[in-house]
Amino acid sequence: MAQINPSILSADFARLAEEARAVEGADWLHVDVMDNHFVPNLTLGVPIVESLSRATATPLDCHLMIEDADRWAPQYVEAGAGSVTFHVEAAAAPVRLAREIRAKGARASMALKPATPIEPYEDLLPELDMLLIMTVEPGFGGQSFLDIMLPKIRRTRELISRHGLELWLQVDGGVSESTIERCADAGADVFVAGSAVYGAKDPAAAVRALRAKADG
Ligand code: DX5
Ligand code: ZN
């Protein structure tokens with residue numbers, strides 16, 4: 001079954017706890033950490049993740065769009081994240097980092113920006129619990145889905161199957177009721193949705209509608 005992870009980037013940051021509870025029933029809550037260096041936007045850090053992990057029963061899926069991931073990612077596990085995604089473009093030693101995240105007790109995940117190919121990282125896949133393929137340039141919610149990423153999703157799913165791996169394949173950016181089926185057909189099984197969930201009148205109903213579409 002498809003997993004739907006609402007992104008709180010599109011929520012009201014002054015009412016985070018309430019906004020998190022509005023999507024209980026979602027599989028994970030996607031938390032976008034941005035440092036204004038790796039991406040041209042700034043959001044939140046360790047203390048807010050710590051508070052949020054106490055405020056909701058939904059596990060946190062932290063997506064780190066920050067430089068120096070090697071130094072910071074383990075702190076998000078300690079802050080209560082159940083899954084921590086670092087960008088391969090920002091990690092000096094991705095294998096060591098993935099092992100550290102797992103050793104601290106969270107799921108380890110690696111993200112690829114749209115221009116980063118999967119092929120050089122094929123041998124790293126067994127070190128990961130999830131791979132995130134960005135379907136927009138990271139930094140902002142509400143951007144249009146990049147259809148040109150569909151072949152990469154398909155190739156990645158083939159690699160995962162060829163190696164007999166269990167890792168999840170997440171897509172993030174422009175995922176909505178009109179694009180989620182294409183992602184699912186290409187082989188994604190975890191879907192991040194910001195504006196499609198928090199822009200809806202009833203965010204919990206939006207989660208259910210997305211899941212129904214993805215499960216087709
Ligand atoms: C963008 C973030 C996404 C963002 C997605 O850099 O990583 O998680 O919240 O927002 P939508 O679903 O509106 O494209
Ligand atoms: Zn994200």
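## Helix packing and selected residues

Ala 69, Asp 70, Ala 73, Pro 74 and Val 77 of helix H3 meet Leu 97, Glu 100 and Ile 101 of helix H4; two residues are in contact when their C-beta atoms, placed from the backbone, lie within 7 Å. By class, the residues of this contact are six nonpolar, no polar and two charged. Here Ala, Val, Leu, Ile, Met, Phe, Trp, Tyr, Cys and Pro count as nonpolar, Asp, Glu, Lys and Arg as charged, and the others, Gly among them, as polar.

A word on the ground rules: this is a predicted model, in which local features need pLDDT of at least 70 and side-chain atom pairs count only at pLDDT 80 or more, while totals for chains, interfaces and linings use all residues. Residues are numbered from 1 along each chain as its sequence is written, and chains are lettered from A and ligands numbered from 1 in the order in which they are written. Helices (H or I, at least four residues) and strands (E, at least two) are DSSP runs, numbered from the N terminus.

### How H3 and H4 pack

Two packed helices are described by the angle between their axes and the distance between the axes. For H3 and H4 (residues 94-103), the angle is about 15° and the axes are 9 Å apart. Axes are lines fitted to C-alpha atoms, for helices over the stretch in contact, and angles run from 0 to 180 degrees between N-to-C directions. The two helices are therefore roughly parallel to each other, on a scale where angles under 35 degrees count as roughly parallel, over 145 as roughly antiparallel, 65 to 115 as roughly perpendicular and the rest as oblique. The crossing of H3 past H4 is right-handed, a term used if the near helix is turned clockwise from the far one by less than a right angle, with left-handed for anticlockwise.

### Two helices with a buried face

Which residues of H4 are buried? They are Pro 94, Leu 97, Ala 98 and Ile 101. A residue is buried if 20 or more other C-beta atoms lie within 10 Å of its own, exposed if 12 or fewer, and partly exposed in between. Seen down the axis of H4, the buried residues fall within an arc of 100°, so they line one face of the helix; the arc is that of the directions from the helix axis to the C-beta atoms. Arg 96 and Ala 103 are exposed on the other side of H4. The cover over the buried residues of H4 includes H3, strand E4 (83-87) and strand E5 (107-112). Just after H4 comes Gly 105, with a positive phi of about 105°.

H2 (residues 46-55) can be read in the same manner. Its buried residues are Val 49, Leu 52 and Ser 53. They cover an arc of only 100° around the axis, which puts them on the same side of H2. The face turned away from that buried side carries the exposed residues Pro 47 and Arg 54. Helix H1 (16-21), strand E2 (29-34), strand E3 (60-65) and helix H3 (69-78) are among the elements covering the buried residues of H2.

As a reminder, an α-helix has 3.6 residues a turn, so residues three or four places apart point the same way.

### Individual residues

H1 holds Glu 18 and Glu 19. Beyond its neighbours within four places in sequence, Glu 19 is in contact with Ile 8, Ala 11, Asp 12 and Tyr 198.

Val 171 is in strand E7 (residues 168-172). It counts as buried, with 29 C-beta neighbours inside 10 Å. Its contacts, leaving aside neighbours within four places in sequence, are Ile 133, Thr 135, Ile 153, Cys 183, Ala 188, Phe 191 and Val 192. Ala 184 lies in helix H6 (residues 180-186) and is partly exposed, with 18 other C-beta atoms within 10 Å.

| Pair | Apart along the chain | C-alpha to C-alpha distance |
|---|---|---|
| Glu 19 and Ile 8 | eleven residues | 7.6 Å |
| Glu 18 and Thr 56 | 38 residues | 8.9 Å |
| Ala 184 and Val 171 | 13 residues | 9.4 Å |
| Val 171 and Leu 16 | 155 residues | 23 Å |

Finally, two loop residues. Asn 36, in the loop between E2 and H2, has a positive phi of about 65° although it is not a glycine. Asp 68, in the loop between E3 and H3, is another residue other than glycine with a positive phi, near 55°.
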